[in-house]
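Hello,

Here is the structure I promised to pass on. Please open it first, then read my notes below.

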Amino acid sequence: GRQISANVKITAIDQKAKTITIKGPEGDSETVDVTSDEGQAALKNLKVGDEIRIVYTQAVAVRLLPNN
């Protein structure tokens with residue numbers, strides 16, 4: 001996969017579920033799991049409205065079919 005980074009704004013935080021909802025630079029919103037120990041430790045210091053930089057890996061799935 002290809003690593004991508006983006007500056008996003010936090011629009012919601014769920015401490016129990018360990019998720020944050022973010023709004024990307026193009027206005028799209030997504031709820032993401034915070035899985036790293038470092039990220040989970042940082043959750044308690046984050047607030048709605050904070051701007052953070054995220055890095056994620058974009059995966060591509062390809063299915064090859066025979067040419068009939």
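Let's start with the sheet. Four strands build an open sheet, in the order β3-β2-β1-β4, and the pairing is antiparallel. The edge strands are β3 and β4, since each pairs on one side only. On average, neighbouring strands of this sheet are turned by 50° against each other, direction ignored. Keep in mind that this is a predicted model.

Now look at one pair. β1 and β4 run antiparallel and are joined by eight bridges. Find Lys9: it stands opposite Glu51 in β4.

From Lys9, go across to Gly27. The two residues are 18 apart in sequence, and their C-alpha atoms are 9.7 Å apart in space. Gly27 sits in the loop between β2 and β3. Is Gly27 buried, partly exposed or exposed? Its relative accessibility is 40%.

Next, the largest pocket. Its volume is about 670 Å³. The lining has 24 residues. Ile20, Ile22, Val32, Ile54 and Val55 lie nearest the centre of the pocket. By type, the lining divides into 14 nonpolar, five polar and five charged residues.

Which elements supply at least two residues each to this lining? They are β1 (2-14), β2 (19-23), β3 (29-33), α1 (37-43) and β4 (51-58). β4 gives the most, with five residues. That is the strand with Glu51, opposite Lys9.

Best wishes

Key
Residues are numbered from 1 along each chain as its sequence is written. This is a predicted model: local features need pLDDT of at least 70, side-chain atom pairs count only at pLDDT 80 or more; totals for chains, interfaces and linings use all residues. Side-chain values use heavy atoms; hydrogens and water are left out. On a 1 Å grid over the protein atoms alone, a cavity is a set of points where a 1.4 Å probe fits but cannot get out, and a pocket is an open set with protein on both sides within 12 Å along at least five of seven lines; lining residues have an atom within 4 Å of a point. Grid points are joined across faces, edges and corners, and a volume is the space filled by probe spheres set on the points. Ala, Val, Leu, Ile, Met, Phe, Trp, Tyr, Cys and Pro count as nonpolar, Asp, Glu, Lys and Arg as charged, and the others, Gly among them, as polar. Buried means under 20% relative accessible area, exposed over 50%, partly exposed in between (1.4 Å probe, protein chains only). Two strands pair if DSSP finds at least two bridges between them. Axes are lines fitted to C-alpha atoms, for helices over the stretch in contact, and angles run from 0 to 180 degrees between N-to-C directions.
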